[in-house]
Every structure is written in C-alpha cells, then in structure tokens.
Amino acid sequence: IGDGGRAAARCGGGAVMGSKNLKAIVVRAGRGAATTPLPAEFRALARRAFEQVRDHPNVAGLRDWGTVSLVAIKNQSGDLPARNHQLGQVPWADRIDAAVIARYTRKTKGCFACPIRCGRVTRVESGPHAGDLEGPEYESLDALGPMCWIDDPEVIIHANRLCNDLGLDTISTGVVIALAMECHQRGLLDDPDFSLEWGDVDTVLGLIERIAHRQALGNLLADGARRAAEAIGPEAARYAMHVKGMELPRQEPRVAKGFGLGHATSNRGADHLYALPTIDLASNLEAASRFFPPEIIPALMDPDDETYKPDLVVFSEHYCAVSDALGVCKFTTAETYALFPDDLARGLSALWGREVTAEDLLTAGERIVNLERLYNVRLGLSRTDDRLPTRFTGEPLDVQSFDHSEPTHVARLRDFDRMLARYYQLRGWDENGIPTPETLQRLELDKWIL
Ligand code: SF4
C-alpha cells in the first residue's frame, strides 16, 4: 500500500516482498534534497496539461463520483460481473452504486498534483464494520460485492479494508472466493467452518483472514484461482477466472469485448490496465477518428462487433505502455483521452530539448509490449496462454432490461480465435503469438531474435 491507500496490488508484488521478509519501503525527502530545474517550456506545458485534464468533460465522472461511477452504467449494459461471471448484472446495484458510496465518503483524495482526485476516503461510522478506508474503487467493489453476491456496502468497505491491512489484492481475493462459492454451488467443495453460499458475509470476511494467514481452506485459495482449481479437481478449472494465472479484473468479456481480448493477450495476465481499450465503450469518436481509418470506425465503435477489436487493443496497449513508462496516470490518457499522445510528446520534447513525436512514443510502447512478450516466450508461454476462461467462449450471457423485468439480448463472444489471429497479424507475431524476426528488426529489437 502506497500513500496510505493506493496499492501496487496486482501480479504478486506483495508476495515477492513477503518472501524477502520486506515489510515496507519508506521514502522521505530530506531537506536540501537535490532537484533538477525543469525547462520553462516544460513547466508551461505541464500547467497547460493540468488545466486540460481539469477542464475535460470525460473526467467529470471520475472527479465527481470516483471509479464507482461505473457501477450503474456497467450494470445497465451487462458488464458488472456477478456470481463468478454467471451473471453480468445484479438487481440491487442501487444498494452499492456511486450515490450510496457517496453517503460514506468523508473526502476526496488525489495523487500528487492531480486535478481529478478520483480517490474517496470513506467511513462506516458504527456497527460491526465501522472504520475508515481509502476506497472502495470500482474493481474492489465488484470483486468483493457482486462477484460474491454481497450487497451490503458496509461489508464491501470492511472487506476492502481487511484486504489492504492484510496485503491482499482485492481483485484476486474476490475472484478466488467467488471460485470457492461456485465450486460449492456445483457440489465440488465444502468447508467445515463457512457455508460458502453466495452472499454469506461470514464466508467472505472469514476467508479473507484465512487466505492471508494460509489457514484451512484459505491455504488452498491463497495459491490463486488457477492452482486452487487444480487442487479442487478437474471439474473446477472451468470456474477459475484467470488468464496466465492472474485473476480476471472486473469486466465482462462477452460485453466488453475489447477488454476480453486485452485480458487474454496481456503479457502480465488478465489486467484491465494493460490495454484499457475504452474508445468503443465510451463512444469516444474524437479518439477513434484520430487513430483509426474512417472506413473501420463504424464497426470499431460498435461494442458488439468483434472485427476491429484487435486494432483497438493493439493501439491501446501501446498507449498504456507509454503512459506507464512516463508515469502518467491512465485515467488521463487511455481511459478518458483528456491527454493524447501528442500532448505527452510535446512535454517530452520540451524536457529533453529534442523533438519527440506521438509516433515515436507509440513505437516505444510497441517495443515495450514486444519485449515483454519475448520475456514470456523465454518462459515458455505461447498462444495457449492467450486464452480466456471457457465460460466466456462457450457460454452465452443473458442481459436484462434496465429494471430487470425482461431479457433484452444474449451477449456472447462469437469468434475469439479470429480476434486473436487478427491481433497477432497486426502485431507481426506468428500464429503462436511469437514476434517474428521481421517485427523485431522493424522495432530495432533484433538482438532479441529467438
Ligand atoms: S492521478 Fe489518476 S489515480 Fe491518482 S487521483 Fe488522479 S485520476 Fe485518480
């Protein structure tokens, strides 16, 4: 946990620290700490970028409500995963949505110099779940709420706080508990201490503690969804929501199809922040028309059309890699496009005193994605690891009307293999997802040719 509430949670960073008996890293700027004077032009551009983000209409939801502003929208479209992705909506979203979380919010919180301040500090005043939390964020809220069928915001806040205190990733924790609950539903798993029933508060809170302390069933779940399912038995594998061993973040791949492909291809396992392909879901025509040819935009912007989702994912992965490399929050870049690649390129040009273009940056992003892929290839990963759990490719998802009175349509991934093939083709990777020598030469990475 950094800065009191932000967690470097995913990918097992905490487990690595734990294995080294490393409890914390403290950084304190001392008096007289060396500072490098920044060029005046860079400072002016940074000020302009600050104002551009502050005044951009696409950041309003994050600023006014935080990431939980997504709950209502996603519940409407079928993109609010529930009961381990057996459902994409809950009939009680108004018990956990942004308006409800606002009642617990004491203040907003932002990272250094951020004009959005998407963080929320919440407090449960009294009762068994009393206490403070920086959060919950949308991802934690869905993982510990709808995924486990928990509809009490105070329980979700408490579960989130427990995860933070115990050093657990909220997404992985919620997903692995949902796995246990579905295995119980299917007659594959029982526990002497907890009911494992959907919505059982004692199960969720108790298992969080047991996972952290590796006790009883918690010891099995602490290994993550993939290994836990292997231990439960062969039938459990289909209920383990992971890619490359990392538990799925809180998008529904049959509805948010670009996210689904991005989860599958992400080099670090399923992670919404690896590609963050939002352009279609956010109907962001301005961004689409800047980066894609006009003839593909109608299909690309249709969330249900799979044809050009690979194009969207490839571009978004590059922009995310650039954002990460520069330390720029993706809520200002690939999430909202309050900042475009040329904005970042202008700033970098002023800082370095030489021209850097948006194309240079996006190519740097492509090089990063390829280098990460080469690392994975060296570890033996290939096309078989760029897969989604079979639930998403084999089971349709019923989507209900806004008031849940009637089904409106069935969401499904029609041809995932076709999306994956186009993704590899656009990347210049072979049919096994391995960068070709020509691609590595083009990216000046030829010394890494395998
Ligand atoms: S930098 Fe990003 S994560 Fe931090 S407060 Fe601003 S928008 Fe939120």
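This is a short tour of the structure above, one selection at a time.

Before you click, note that this is a predicted model: local features need pLDDT of at least 70, side-chain atom pairs count only at pLDDT 80 or more, and totals for chains, interfaces and linings use all residues. Residues are numbered from 1 along each chain as its sequence is written, and side-chain values use heavy atoms, with hydrogens and water left out.

**Stop 1: the two domains**

Colour residues 1–25 + 58–250 as domain 1 and 252–450 as domain 2. These bounds come from an automatic or database domain assignment. Taken over C-alpha atoms, the domain centres are 25 Å apart. Where they meet, 38 residues of domain 1 are in contact with 39 residues of domain 2; contact here means heavy atoms within 4.5 Å.

**Stop 2: the nonpolar cores**

Now select Val 71, Ile 177, Leu 179, Val 204, Ile 208, Leu 221 and Phe 416. They have the most contacts inside the largest nonpolar core, which has 71 residues. Such a core is a set of buried Ala, Val, Leu, Ile, Met, Phe, Trp, Tyr and Cys residues joined through side-chain atoms within 4.5 Å. Buried means under 20% relative accessible area, exposed means over 50%, and partly exposed is in between (1.4 Å probe, protein chains only).

Show helix α8, residues 170–185, next: its nine residues are the largest share of this core. Helices (H or I, at least four residues) and strands (E, at least two) are DSSP runs, numbered from the N terminus. Both domain 1 and domain 2 give residues to the core, so it lies between them. Apart from it you'll find another core of 33 residues, including Ala 287, Met 301, Tyr 319 and Leu 362.

Zoom in on Leu 179. Leaving out residues up to four places away in sequence, Leu 179 touches Asn 84, Ala 225, Ala 228, Ala 229, Ala 236, Tyr 239 and Ala 240.

**Stop 3: Arg 120**

Head to strand β2 and pick Arg 120.

Look at the backbone instead: the Arg 120 side chain reaches the backbone oxygen of Arg 63 at 2.7 Å. A polar atom of that side chain is also 3.4 Å from the backbone oxygen of Cys 118. Among the residues that Arg 120 touches are Trp 65, Thr 105, Leu 133 and Glu 134.

**Stop 4**

Most residues other than glycine have a negative phi, and most peptide bonds are trans. Pro 136 sits in the loop between β3 (131–134) and α6 (138–144).

Next, select Asn 21, in the loop between α1 (13–19) and α2 (40–54). Its phi is positive, near 55 degrees, and at 73% relative accessibility Asn 21 counts as exposed. Arg 117, in the loop between β1 (105–109) and β2 (119–124), also has a positive phi near 55 degrees. Arg 117 is partly exposed, at 36% relative accessible area.

Methods. A polar contact is a pair of N or O atoms within 3.5 Å; within protein, one must be able to donate a hydrogen and the other to accept it, and residues adjacent in sequence count only if both atoms are side-chain atoms.
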